[in-house]
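Student: Could you help me learn to read a protein structure? I would like to go feature by feature.

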Amino acid sequence: MKRQPKLIAGVDISKHTLDIALISDKSETASFKINNSAADLRNFVRGIKEQFKLRNADLAFCAENMGLYGIFLTDVLIKMHIQLFLESPLQIKRSLGLHRGKTDKADAIRIAEYARKNFTSLREWTPPRPCINKMQELLTIRKRLLKVKIILKGNSKIERHYLDSVSAENLAAHSFRSLDAVTKDIFEIESLLTTIVQSDETLSHLYDLITSVPGIGKVIGIHLLIYTNEFKNFVNPKKFASFCGVAPFPWSSGISVLGKTKVSFYANKELKSLLHMAAMQNVKKKDSSLAKYYQRKVKEGKNKMSTLNALRNKLIHRIFSCVMNNRRYEERVN
């Protein structure tokens with residue numbers, strides 16, 4: 001069993017500042033605000049270690065996973081060999097229940113309380129390998145290019161409807177070369193991502209397991225490798241489903257039901273969208289087990305979107321089952 005540190009720091013990360021709440025093993029709290037920079041964070045850690053006479057093992061940090069904004073926090077703490085836990089905002093929110101009001105200072109305190117309450121079950125954050133960092137950078141560029149491509153394409157259907165054919169063609173011609181160049185750039189990035197996966201034995205093996213699940217193709221396979229950090233940051237399909245906004249949770253209080261069962265607003269919308277497309281692909285294959293499940297539930301009167309969400313959940317569980325059991329997916333024959 002993990003030994004709880006003498007001091008736990010909850011960190012609320014914003015673009016320019018870090019709000020830090022310290023909770024001791026005696027439940028005493030203290031709040032600080034520093035610049036979101038490597039130098040300020042390094043000085044802060046050194047200062048509290050000296051002030052409270054702490055060793056590295058006596059201190060742990062917990063924060064919400066804020067991507068690029070948290071890069072100084074992760075780099076400094078890893079280099080100083082101090083425990084760091086990065087959790088999803090939804091996980092923290094659901095663990096602590098309802099709170100009134102919201103400030104950065106209060107959020108930092110709540111994160112520290114969450115870490116102290118759940119310390120034994122928290123997984124220490126593992127920094128990604130350089131190949132995963134490189135893939136993340138390429139994926140970020142790909143997202144930007146896809147947005148540019150959508151803008152350049154414009155709303156061609158509406159233009160063709162309201163304009164004569166010559167005017168519509170002239171309008172499209174002005175952006176043709178740019179659109180062609182962006183499309184080529186996207187293709188090149190996707191080729192680079194595939195090359196990185198194929199050239200690394202671990203990534204190649206995981207990718208093969210993931211894409212053995214029907215409906216899971218190249219793009220979602222690469223996203224899963226990156227967002228799970230090669231399945232080091234997520235080993236539980238339920239937690240990953242929650243991260244993707246696929247796991248529904250009830251809205252209720254006591255004996256009063258406040259609303260329908262819903263998925264979280266804190267979802268990773270990109271992953272959720274990709275899983276939705278994978279679910280739709282399975283529905284179109286009428287002989288697949290997921291298509292049969294979907295058809296059966298709809299006939300029973302189940303809501304179509306709720307049933308599709310159940311398919312997304314099943315896909316996640318199938319992917320994790322393949323990875324955890326180190327086996328390619330095999331469709332059951334009824």
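Tutor: Gladly! Let us begin with aromatic rings: rings of Phe, Tyr and Trp (its six-membered ring) pair if their centres lie within 6.5 Å, and planes under 30 degrees apart count as stacked, over 60 as edge-to-face and the rest as tilted. Here Tyr-227, Phe-231, Phe-234, Phe-240, Phe-243 and Phe-320 form one aromatic cluster. Before we go on, please note that this is a predicted model, where local features need pLDDT of at least 70 and side-chain atom pairs count only at pLDDT 80 or more, while totals for chains, interfaces and linings use all residues. Residues are numbered from 1 along each chain as its sequence is written, and side-chain values use heavy atoms, with hydrogens and water left out.

Student: How many aromatic pairs does the count come to?

Tutor: The count comes to eight aromatic pairs. One of them joins Phe-85 and Phe-119 edge-to-face, with 5.4 Å centre to centre and 85° between the planes. Helices (H or I, at least four residues) and strands (E, at least two) are DSSP runs, numbered from the N terminus. Phe-85 sits in strand E5 (residues 83-87) and Phe-119 in the loop between helix H4 (104-117) and H5, so this pair links distant parts of the chain, 34 residues apart.

Student: Are Phe-85 and Phe-119 buried or exposed?

Tutor: Buried means under 20% relative accessible area, exposed over 50%, and partly exposed in between (1.4 Å probe, protein chains only). Both Phe-85 and Phe-119 are buried. Now try Tyr-227 and Phe-243: their ring centres are 6.4 Å apart and their planes are at 50°, so this pair is tilted. Tyr-227 belongs to helix H10 and Phe-243 to helix H11, so the pair ties together parts that are 16 residues apart in sequence. Tyr-227 counts as buried because its relative accessibility is 18%, and Phe-243 is buried too, at 19%.

Student: Why is helix H10 described as largely enclosed?

Tutor: Eight of the ten residues of H10 (residues 218-227) are buried, so the rest of the structure largely encloses this helix. Among the buried ones are Ile-220, His-223 and Tyr-227. They pack against several helices, including H5 (130-153), H8 (176-199) and H14 (304-325). Just after H10, Asn-229 takes a positive phi of about 55°.

Student: What is a nonpolar core, and which residues have the most contacts inside the largest one?

Tutor: In soluble globular proteins, nonpolar side chains tend to be buried together. A nonpolar core is a set of buried Ala, Val, Leu, Ile, Met, Phe, Trp, Tyr and Cys residues joined through side-chain atoms within 4.5 Å. The largest such core here has 50 residues, and Met-135 and Phe-240 have the most contacts inside it. H14 gives the most to this core, with eight residues. A second, separate core of 24 residues includes Val-11, Ile-13, Leu-22 and Phe-44.

Student: What does Met-135 touch?

Tutor: Contact means heavy atoms within 4.5 Å. Setting aside neighbours within four places in sequence, Met-135 is in contact with residues including Leu-193, Leu-203 and Ile-222.

Student: How many disulfides does a search of the whole structure find?

Tutor: A disulfide is a covalent bond between the sulfur atoms of two cysteines. In a model, we look for a pair of cysteine sulfur atoms within 2.5 Å. The search of the whole structure finds zero.
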